[in-house]
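Thanks for coming. I have one structure to go through today, and I will keep to the parts that can be pointed at on the screen.

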Amino acid sequence: MKPTFARTRRHLVPALALIALSAAVVPLAEANGGPPPPLFWKKTCAQGTEDTVGRELDRAGARCAKLTVPLDHSRPGGRTIKLALSLLPATDRAHRIGTMVLNSGGPGESTLGMPLQTRAAMKDVAARYDIVGLDPRFVGRSTPLDCGWPIGLWLRSAGPTRARFDHQVAVQRDLAERCAQRHGDVLPYVNTRDTARDIDLVRRALGERRISFLGYSYGAYLGAVYAQMFPGRTDRVVLDSAGDPHKWGPRATQGTEDEAERALRGWAAWAAKRHGTYGLGATPARVLATVNAIVAAAEDRPLRVGPYEVDEQVIPYILSVGSGDDRPAARAELASTVRTLNEAAHGRPADPGPELDGLLTFVLTSAGSPLASPAAAIICGDRAAPRDPDTYWNDIQRSRARHPLFGPLKNNIWPCAFWPTPPREPLTRIGNSTPALIVSATGDTATTYEGSKAMHRALTGSRLLTLRGTTAHGIYGTYGNACVDAKVNAYLATGTLPADQICHP
């Protein structure tokens with residue numbers, strides 16, 4: 001995923017999960033009665049000369065529209081918001097299969113431009129689908145939500161001491177308070193279940209009895225929730241890099257320390273073979289020693305990287321995201337990043353390359369707030385988090401003993417601990433026989449392979465397509481594995497699920 005913002009946002013929160021569909025919730029899930037909402041497509045998607053995605057959609061022959069939906073689906077006549085959609089129409093109308101709705105994950109990642117990449121991945125079968133990109137409520141070009149944060153992404157390590165953790169507590173409390181001040185009236189309606197209801201309104205507006213669905217990471221979770229809430233309304237479903245549907249929420253990164261460390265060691269072995277290029281160490285152990293020395297230097301003082309100050313609470317996140325892709329270009333990217341951080345750790349001038357600059361802008365500046373704010377709101381709106389900081393500190397200390405680098409990152413406190421409104425509904429309990437193709441890599445550091453197997457068990461009609469021996473997150477049409485792409489496309493073409501299968505790099 002490019003550019004860096006898009007690639008980073010797919011890793012915003014890695015995993016999935018839920019709880020029970022109570023009888024009290026069913027009427028709300030089915031509240032979308034009456035005539036379908038009107039949907040008027042425009043032949044122009046671009047919003048000005050700087051709108052790169054819009055211009056690419058226009059060149060591809062796409063159409064765009066805004067759909068008006070209720071803010072509160074239990075009050076369809078009340079306040080409304082707008083959803084932004086794009087459409088690449090099927091070109092083989094005589095053999096048209098139907099409509100495919102997309103979600104690229106995050107949560108909080110815009111999906112409006114995704115039909116372009118999906119059409120390329122689908123190859124010949126794309127001609128038989130209307131491919132729809134939908135920016136979920138409060139994301140992208142839909143009615144926006146920006147809490148006005150002074151930083152972007154909230155994910156940080158707790159750091160080495162209680163004092164540094166207490167600093168994080170204050171930061172996360174401030175982020176939650178800013179969201180309450182700006183958007184307290186809509187926060188109760190920023191969640192996955194209401195997004196699923198929006199998708200069903202989109203289905204009805206399109207005049208479809210059933211829709212197909214392709215979702216990555218959080219998007220896979222969203223697809224599972226939609227299938228649970230609206231049984232019988234899906235056709236062909238692909239859930240790529242799906243996580244455990246019982247672990248979605250504000251503590252979704254807990255338990256992924258082992259995968260993160262294996263991925264970092266894999267990258268270190270790669271970098272050691274290229275010591276002449278990057279100068280990080282001639283053996284994996286020496287590369288990891290360089291990494292640890294960078295973290296130690298940042299504990300003494302923040303590292304100056306171009307215009308940014310990068311401290312020991314940010315570096316573990318950079319390493320975790322950067323090592324989660326084992327393709328050569330991604331590994332080279334992380335090696336360049338670590339080389340830059342190493343220069344800064346030694347007090348030498350260190351200017352970030354384009355990828356690192358984009359990542360630091362997203363994480364450290366207010367430019368990331370429009371992207372990270374709705375992501376946090378969705379997660380915090382889906383599931384309540386523990387509110388006592390000591391709960392997090394105790395988990396951090398337990399994990400730190402085995403995982404000194406990633407334990408304080410994966411167990412740290414988030415804004416959800418101070419969220420002003422509790423979730424309006426319980427999480428959805430995923431458990432049904434929806435036919436779905438689940439795609440997963442054994443080395444996924446975000447939504448882990450064990451998580452995908454849990455999703456496979458919850459969806460008893462599903463099949464699991466495994467990419468073995470690979471560190472990747474987001475596989476179909478993005479990683480470049482011909483085996484995975486061919487099997488997904490065969491399913492999309494025929495509607496016949498394969499048996500559980502294994503692909504190799």
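I will start with a pair of helices: H5 passes H15 in a right-handed crossing. Before going further, note that this is a predicted model. Helix H5 covers residues 162-183 and helix H15 covers residues 389-402, and the two pack at an angle of about 135° with their axes 11 Å apart. Angles over 145° would count as roughly antiparallel, so H5 and H15 are classed as oblique to each other. On the H5 side the contact is made by Arg162, Phe165 and Val169. On the H15 side, Pro389, Asp390, Tyr392, Trp393 and Ile396 meet them. Sorted by class, that contact of H5 with H15 has six nonpolar residues, two charged ones and no polar ones.

Next pair. Helix H8, residues 257-272, and helix H10, residues 284-300, have axes that come within 8 Å and cross at roughly 110°. That angle is why H8 and H10 are described as roughly perpendicular to each other. The crossing of H8 past H10 is right-handed. Which residues of H10 meet H8? They are Pro284, Val287, Leu288 and Val291. From H8 the list is Leu264, Arg265, Trp267, Ala268, Ala269, Ala271 and Ala272. The class count for H8 with H10 is ten nonpolar, one charged and no polar residues.

Helix H11 takes in residues 315-322, helix H12 takes in residues 328-345, and they pack at about 160° with their axes 10 Å apart. H11 and H12 are therefore roughly antiparallel to each other. Here the crossing of H11 past H12 is left-handed. Ile318, Leu319 and Gly322 of H11 meet Ala330, Leu334, Thr337 and Val338 of H12. By class, the contact of H11 with H12 has five nonpolar, two polar and no charged residues.

Now the sheet. How many strands form the open sheet, and in what order? There are nine, running E1-E2-E4-E3-E5-E6-E9-E10-E11, with mixed pairing. The edges are strand E1, residues 63-70, and strand E11, residues 501-503, each of which pairs on one side only. From one strand to the next the twist averages 20°.

Within that sheet, look at strand E3, residues 98-103, beside strand E5, residues 211-216. They pair in the parallel sense over four bridges.

The disulfide count for the model is four, and I will show one of them, the link of Cys45 and Cys64. Their sulfur atoms are 2.1 Å apart. The link of Cys45 and Cys64 is right-handed, with 105° about the S-S bond. Where do the two ends sit? Cys45 is in the loop between helix H2 (26-29) and helix H3 (52-59), while Cys64 is in strand E1. The two cysteines are 19 residues apart, and the pair links distant parts of the chain.

Last, two items of backbone geometry. Most residues other than glycine have a negative phi, and most peptide bonds are trans. The peptide bond from Gly106 to Pro107 is cis, with omega near -5°. Pro107 lies in the loop between E3 and helix H4 (114-122). Lys123 is not a glycine, yet its phi is positive at about 55°.

That is the tour. I can go back to any of these on the screen.

Technical notes: Residues are numbered from 1 along each chain as its sequence is written. This is a predicted model: local features need pLDDT of at least 70, side-chain atom pairs count only at pLDDT 80 or more; totals for chains, interfaces and linings use all residues. Side-chain values use heavy atoms; hydrogens and water are left out. Two strands pair if DSSP finds at least two bridges between them. Axes are lines fitted to C-alpha atoms, for helices over the stretch in contact, and angles run from 0 to 180 degrees between N-to-C directions. Angles under 35 degrees count as roughly parallel, over 145 as roughly antiparallel, 65 to 115 as roughly perpendicular and the rest as oblique. A crossing is left-handed if the near helix is turned anticlockwise from the far one by less than a right angle, and right-handed if clockwise. Contact means heavy atoms within 4.5 Å. Ala, Val, Leu, Ile, Met, Phe, Trp, Tyr, Cys and Pro count as nonpolar, Asp, Glu, Lys and Arg as charged, and the others, Gly among them, as polar. A disulfide is a pair of cysteine sulfur atoms within 2.5 Å.
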